[in-house]
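Here is a short report on one protein chain. Read it with the structure open, and find each part as it is named.

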Amino acid sequence: MKKVGFIGWRGMVGSVLMDRMLSENDFFRMESYFFSTSQKGNAAPKVTNGHQTLMSALETKELLKMDILVSCQGGDYTQEMFPQLRKDGWKGIWIDAASTLRMKDDSVIVLDPVNRHHIREALHKGVTNFVGGNCTVSLLLIALHGLFKENLVEWVSSMTYQAASGAGAKNMIELLDQMRSVGNRFGQNPAMEALDLERQMATLITEGSFPKTNFGHPLALNILPWIDSEMPNGQSKEEWKAQVEANKILQTTTMIPMDGTCVRVGALRCHSQGLTIKLKKSAQLATVEELIRSANPWVELVPNNKADTLAKLTPAAVSGKMHVPIGRLRPMTMGGDFFNAFTVGDQLLWGAAEPLRCVLRMALE
Ligand code: NAP
């Protein structure tokens, strides 16, 4: 049985990965070892064939004994530990949620519903670095898979509404903390006029004592139109990832332009995206609907009406679900080759943990 080491298993992505592996009985297929950067010696999660004690993720000694390492620990960890392991001669398979290695020539970005054949081929050829894609990119590709398969897309612009948990466990807890502060202040003056309340809250969220260590800014009662670092061309790094990662996953020979504005919003879980899709030629709505609907088992087309949209196409409706709904699909007034759409997906499932789980299963076969 192969030895598989898990790093970052208690973070947002890692815990969703653990849940999915438990519900799919994956642990029967491997010997599991759990590593931590902060809890060495504590009890490890109890799983079938699992080693019982947490080992240090910051020392290479035990990591080097693994056949496969799955890291959901984050980019800084990968940056530091991955080169050390390879330098020490570790030849195992590295499966990672962080972006650090995504664009390297010797890594494959994994998204099972879209590039399963490519992943299989890479494993056969001896590729050893497999990285999950950016969450919004992966969810967009699953939603629009049918149009990409038909080579119909000239370009896509995506305006995102990304949940707090996309920034990690500490950030998600911070949003709740901010909401508690808002709730507490409201509780002191529930009978105030609306505009007076608004003024109180506007002051509260800009006060120095408002909890914002992780986001750096209020997210409760606010939105943050910048995610990740600054790129020289004026994009945020999150925006830059869309085009480069999507084209790498799709293995395009001619780059499909993808760009837009990425925005953090106060949803807890699930990323949403408003899409403008420019097709290479005019198409009937029914054709576009059918292509999208039939592309893979996970995409779900939501009829473009108010009741279905508000019931099925929101973070509240999609949180914790495997399917990736897309709706608000209609031709735009710019012409028959422009389509509007809106998609919501669980960024911790197909946006992060599930592609890693799929490649792990393949690597164990
Ligand atoms: P995270 O929740 O911040 O977890 C990372 C590590 O932080 C944990 O493994 C844990 O490490 C430590 N940690 C500290 N305080 C914690 C707490 N209160 N609860 C849980 N863990 C805590 O990070 P993440 O969001 O899972 O992201 C991991 C990687 O996946 C990142 O590179 C990220 O960019 C990428 N990613 C994330 C998402 C997403 O939606 N969140 C989607 C796609 C990709 P120790 O046990 O070693 O202390």
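Strand E12 (residues 324–332) and strand E13 (residues 335–345) run antiparallel, joined by five bridges. This is a predicted model, in which local features need pLDDT of at least 70 and side-chain atom pairs count only at pLDDT 80 or more, while totals for chains, interfaces and linings use all residues. Residues are numbered from 1 along each chain as its sequence is written, and side-chain values use heavy atoms, with hydrogens and water left out.

The names need a word. Helices (H or I, at least four residues) and strands (E, at least two) are DSSP runs, numbered from the N terminus. Two strands pair if DSSP finds at least two bridges between them.

**The sheet**

A hairpin links E12 to E13 through two residues. Look along this pair. Pro331 stands opposite Phe339 in E13. Arg330 has Asn340 of E13 as its bridge partner.

E12 also pairs with E11. These two strands run parallel and are joined by three bridges. Val299 stands opposite Val324 in E12. In general, strands of a sheet pair through backbone hydrogen bonds, either parallel or antiparallel.

Now step back to the whole sheet. In what order do the six strands of the open sheet stand? The order is E9-E8-E10-E13-E12-E11, and the pairing is mixed. Strand E9 (258–259) and strand E11 (299–301) stand at the edges, each with a single partner strand, so one side of each has no neighbour in the sheet.

**Two packed helices**

Two packed helices are described by the angle between their axes and the distance between the axes. Helix H7 (residues 169–188) and helix H8 (residues 194–206) pack at about 140 degrees, with their axes 11 Å apart. That angle makes H7 oblique to H8. The cut-offs are these: under 35 degrees is roughly parallel, over 145 roughly antiparallel, 65 to 115 roughly perpendicular, and the rest oblique.

Which residues make the contact? From H7 come Ser181, Val182, Arg185 and Phe186, and from H8 come Leu197, Gln200, Met201, Leu204 and Ile205. Contact means heavy atoms within 4.5 Å. By class, the contact of H7 with H8 has six nonpolar, two polar and one charged residues. Here Ala, Val, Leu, Ile, Met, Phe, Trp, Tyr, Cys and Pro count as nonpolar, Asp, Glu, Lys and Arg as charged, and the others, Gly among them, as polar.

**Buried or exposed**

Some single residues come next. Buried means under 20% relative accessible area, exposed over 50%, and partly exposed in between (1.4 Å probe, protein chains only).

| Residue | Relative accessibility | Class |
|---|---|---|
| Leu221 | 55% | exposed |
| Cys270 | 0% | buried |
| Asn304 | 36% | partly exposed |
| Glu238 | 6% | buried |
| Val302 | 2% | buried |

Start with Leu221. It lies in the loop between H8 and helix H9 (237–250). Cys270 sits in the loop between E9 and E10. Cys270 has a positive phi of about 95 degrees, although it is not a glycine.

Asn304 is in the loop between E11 and helix H11 (306–312). Asn304 and Leu329 are 25 residues apart along the chain, yet their C-alpha atoms are separated by 6.1 Å. Not counting residues up to four places away in sequence, Asn304 touches Arg328, Leu329 and Arg330.

Val302 is found in the loop between E11 and H11. Leaving aside neighbours within four places in sequence, Val302 is in contact with residues including Asp308, Thr309, Pro325 and Ile326. Val302 and Met255 are 47 residues apart in sequence and 29 Å apart in space, C-alpha to C-alpha.

Where does Glu238 lie? Its place is in helix H9. Glu238 is buried at 6% relative accessibility. Beyond its neighbours within four places in sequence, Glu238 is in contact with Asn134, Cys135, Thr136, Gln162, Ile227, Asp228 and Cys262.

Note on methods: Axes fitted to C-alpha atoms, helices over the stretch in contact; angles between N-to-C directions.
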